[in-house]
Amino acid sequence: MEYQKWVYCLVCGNKTRVRLRKDTVLLHFPLFCPKCKKESLIDAEGFTVRLIGCKSM
């Protein structure tokens with residue numbers, strides 16, 4: 001049974017520094033990827049992540 005999962009960048013697919021738990025709810029969260037240097041605006045509930053927007057840094 002998994003209690004936590006890493007959030008992967010929705011642009012390049014690499015692991016970010018954010019982990020989700022099953023009971024985590026994020027609304028309009030700015031997710032930054034250290035590899036591709038892009039910031040994505042996401043919504044997350046449970047282990048489902050949905051992209052809202054993306055911009056380059």
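Modeller: Strands are DSSP runs of E with at least two residues, helices are DSSP runs of H or I with at least four, and both are numbered from the N terminus. This is a predicted model, where local features need pLDDT of at least 70, side-chain atom pairs count only at pLDDT 80 or more, and totals for chains, interfaces and linings use all residues. Residues are numbered from 1 along each chain as its sequence is written, and side-chain values use heavy atoms, with hydrogens and water left out.

Biologist: What is the average pLDDT of the chain?

Modeller: pLDDT is the predictor's confidence in each residue, from 0 to 100. In this chain, 96% of the residues score at least 70. The chain average is 92.

Biologist: Which element has the lowest mean pLDDT?

Modeller: The highest mean, 96, belongs to β3. The lowest, 87, belongs to the strand at residues 48-56. That is β5.

Biologist: In which strand is W6 found, and is W6 buried, exposed or partly exposed?

Modeller: W6 is found in strand β1, residues 4-8. Buried means under 20% relative accessible area and exposed means over 50%, with partly exposed in between (1.4 Å probe, protein chains only). W6 has 36%, so W6 is partly exposed.

Biologist: Which residue has its charged end over the ring of W6?

Modeller: A charge sits over a ring if NZ of Lys or CZ of Arg is within 6 Å of the ring centre and within 35 degrees of the ring normal. W6 touches K15, T16, R17, V18 and R19, not counting residues up to four places away in sequence (contact: heavy atoms within 4.5 Å). The charged end over the ring of W6 is 5.0 Å from its centre, and it belongs to R19.

Biologist: With which side chain does the side chain of R19 make a polar contact?

Modeller: R19 lies in strand β2, residues 15-21. Beyond its neighbours within four places in sequence, R19 is in contact with Q4, K5 and W6. A polar contact is a pair of N or O atoms within 3.5 Å; within protein, one must be able to donate a hydrogen and the other to accept it, and residues adjacent in sequence count only if both atoms are side-chain atoms. At 3.0 Å, the partner of the R19 side chain is that of Q4.

Biologist: Over the face of which residue does K5 lie?

Modeller: The distance from K5 to the ring centre is 4.9 Å. The ring belongs to F47.

Biologist: How many residues make up the largest nonpolar core?

Modeller: A nonpolar core is a set of buried Ala, Val, Leu, Ile, Met, Phe, Trp, Tyr and Cys residues joined through side-chain atoms within 4.5 Å. The largest one holds V7, L20, L26, L31, I42 and A44. Strands β3 (25-32) and β4 (38-45) each supply at least two of its residues. The total is six.

Biologist: Is H28 buried or exposed?

Modeller: H28 is found in strand β3. Its phi is near 55°, a positive value in a residue other than glycine. With a relative accessible area of 52%, H28 is exposed.

Biologist: What is the phi of K37?

Modeller: K37 lies in the loop between β3 and β4. K37 is partly exposed, at 46% relative accessible area. Its phi is positive, though K37 is not glycine, and is near 60°.

Biologist: What is the relative accessibility of I52?

Modeller: I52 is in strand β5. Leaving aside neighbours within four places in sequence, I52 is in contact with H28, L41, I42 and D43. I52 counts as partly exposed, at 36%.
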